[in-house]
Amino acid sequence: MKRQVLRRWTRAGFFLLFVLAPPLDLFRLDLTQGHFIFFGMDWSFGLAALANGEISATRAALKILTLGFVPAVGFVVFGLWLSWRYGRLYCGWLCPHFSVVEMINSAMRRASGKPSLWEKAPLPEQESDGSHHHKDRRYWAVVIVAVLGFALVWAVVLLTYLLPPKMIYSNLIHAELTRNQALFIGVATLLFSAEFLLARHLFCRFGCAVGLFQSLAWMSNDQALVVDFDRHRGEACKTCTQACDNACPMRLKPRKNKRHMFTCTQCALCVDACEKVQAPGESLLHWQPGGGRSRQAPTHFCGSSADPAQRHQP
Ligand code: SF4
Ligand code: SF4
């Protein structure tokens, strides 16, 4: 799928940016100097100059307004507009945490047949969309390595957002981390490991403020981009393994209406799964700008207890 290839590239690119932003001085907060660094420039808003009596209070206030407040508000307003119009695009197409969610979900499904430990029953090994997910317990090793590896990377990277990256990487390579640096990395690795193993998509659904505000903006717009379900052709789902539900990394049921899809990340994996099940151009799910007026699924399968979608946990 071209869309998923593109999404892989955007996520990989943003993950790289997330890791490289501090060492390249693109963005970080340097606690040793007490100010932000933004594209190689010291972003102190003139506070040091004010303290040294080099500029007046009015000039410092103007600097805070123009260099801090205005860009920050502009950034937030633009982000909210994007979410209002297109939903949680940041989550599905860029967020480095969601990349971890998808990778570990996929390895865990391979290891246990379930994309998360909280799924009640294993998903089908053979999907109607043609994909195979052969269970292989040896993949637990991949899950553990991925969980610990990503947790360590996240812990180290976060520290480089606070302390000079050169110092952190050099201390790490030469095993000369200070007690506090080692403590930060150790505790953060432990916490991230627990989160990545037990609660990755749950954090995206219930714990992330960035996701929450995107969802709120999106829900407030009836005309926003949404994954729409062609309910008039719902009969076609009867012979399907519910490939769309099984593909969803957030463990949502993509055929339900928008209010049940509050945390949809617009990853379009459900759309692509259905496109593979149905004949070309016959998908029952598609991106629909304008609120998706046909999303209320017919009750004959959507509310049925036989619906495999009912197996899903939050
Ligand atoms: S919408 Fe498509 S993928 Fe989902 S259950 Fe129906 S036929 Fe299957
Ligand atoms: S409902 Fe579809 S687009 Fe939304 S998160 Fe799930 S798979 Fe992605």
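Author: This is a predicted model, where local features need pLDDT of at least 70, side-chain atom pairs count only at pLDDT 80 or more, and totals for chains, interfaces and linings use all residues. Residues are numbered from 1 along each chain as its sequence is written, while chains are lettered from A and ligands numbered from 1 in the order in which they are written.

Reader: Which residues of α12 are buried?
Author: Buried means that 20 or more other C-beta atoms, placed from the backbone, lie within 10 Å of the residue's own. Helices (H or I, at least four residues) and strands (E, at least two) are DSSP runs, numbered from the N terminus. By that count α12 is mostly covered, with 8 of its 9 residues buried. They are L269, C270, V271, D272, A273, C274, E275 and V277.

Reader: What covers the buried residues of α12?
Author: Contact means C-beta atoms, placed from the backbone, within 7 Å. The cover includes α1 (2–20), β4, α11 and β5.

Reader: Which element gives the largest share of the shell around ligand 1?
Author: A residue is near a molecule if its C-beta atom, placed from the backbone, lies within 6 Å of it. Of the 13 residues around ligand 1, C237, C240, C244, C274 and L284 come nearest. Two elements give two or more residues to this shell, α11 (243–247) and α12 (269–277). The largest share, 3 residues, comes from α12.

Reader: How many charged residues are in the shell around ligand 2?
Author: Ala, Val, Leu, Ile, Met, Phe, Trp, Tyr, Cys and Pro count as nonpolar, Asp, Glu, Lys and Arg as charged, and the others, Gly among them, as polar. Ligand 2 has 14 residues around it, with C248, P254, C264, C267 and C270 closest. The shell holds 12 nonpolar and 2 polar residues, and the charged count is none.

Reader: Why is β4 largely enclosed, and which residue stands opposite V226?
Author: Strand β4 (residues 225–229) has 4 of its 5 residues buried, so the rest of the structure largely encloses it. Two strands pair if DSSP finds at least two bridges between them. β4 pairs with β5 (residues 285–289) in the antiparallel sense over 5 bridges.

Reader: Which strands stand at the edges of the open sheet?
Author: The open sheet has 3 strands in the order β1-β2-β3, paired antiparallel. Each edge strand has a single partner, so one side of each is left without a neighbour in the sheet; these are β1 (27–30) and β3 (41–43).

Notes: Buried ≥ 20, exposed ≤ 12 C-beta atoms within 10 Å, placed from the backbone. Contact = placed C-beta atoms within 7 Å.
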